[in-house]
Amino acid sequence: MKLRNVLIAVKDIEKSKRFYHDLFGLDVVLDHDGNVIMTEGLVLQDAKIWSEFLGREILPQNNSSELYFEEKNIEAFVEKLERLYPEIQYVSRLMTHSWGQKVIRFYDPDGNLLEVGTPM
């Protein structure tokens, strides 16, 4: 068995496709009626559809999971993030952990928690 995808619920598919392409270089593999598969296995699901599937309310910023990305030139990434998405909500701005890894945490436009860190 192998993990194929990670799905996140989003309110605006087009906005989310731009966001993940602009910041992380992800491209659309399949776009089908509120369900978008992007490169690297990220799936964007229209929040209304996802809520109907689950029969439950979507809880943004629940902080129970995160999408983790690695970037060697994290300072350049932070500059790009601030230039393209100045309204982004940070959990923690660029910091260095005691083990030497630099990381930044923030929410995507739908409250999904993201972390970008330097490779370990």
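Which residues have the most contacts inside the largest nonpolar core? The views below, taken from a predicted model, begin with that question.

**View 1. The largest nonpolar core.** This core holds 25 residues. Those with the most contacts inside it are Phe19, Tyr20, Phe24, Leu44, Leu81, Ile104 and Phe106. Two or more residues come from each of β1 (6-10), α1 (13-24), β3 (35-38), β4 (42-46), β5 (67-70), α3 (74-84), β7 (102-107) and β8 (113-117). The element that gives the most is α1, with five residues.

View 2. Five of its five residues are buried, so β8 is largely enclosed by the rest of the structure. Look at one side of the strand to find Leu113, Glu115 and Gly117, and at the other to find Leu114 and Val116. Both faces are covered, and each of these residues is buried.

**View 3. β8 beside β5.** Here β5 and β8 run parallel, joined by four bridges. A handy place to start is Leu67, which stands opposite Leu114 in β8.

**View 4. β8 beside β7, and the hairpin between them.** With β7, the pairing of β8 is antiparallel and spans five bridges. To find your way along this pair, look for Val103, which stands opposite Gly117 in β8. Then follow the chain into the hairpin of β7 and β8, where five residues lie between the strands. In this hairpin, Gly111 takes a positive phi near 85°.

Definitions and conventions. Residues are numbered from 1 along each chain as its sequence is written. This is a predicted model: local features need pLDDT of at least 70, side-chain atom pairs count only at pLDDT 80 or more; totals for chains, interfaces and linings use all residues. Side-chain values use heavy atoms; hydrogens and water are left out. A nonpolar core is a set of buried Ala, Val, Leu, Ile, Met, Phe, Trp, Tyr and Cys residues joined through side-chain atoms within 4.5 Å. Buried means under 20% relative accessible area, exposed over 50%, partly exposed in between (1.4 Å probe, protein chains only). Two strands pair if DSSP finds at least two bridges between them.
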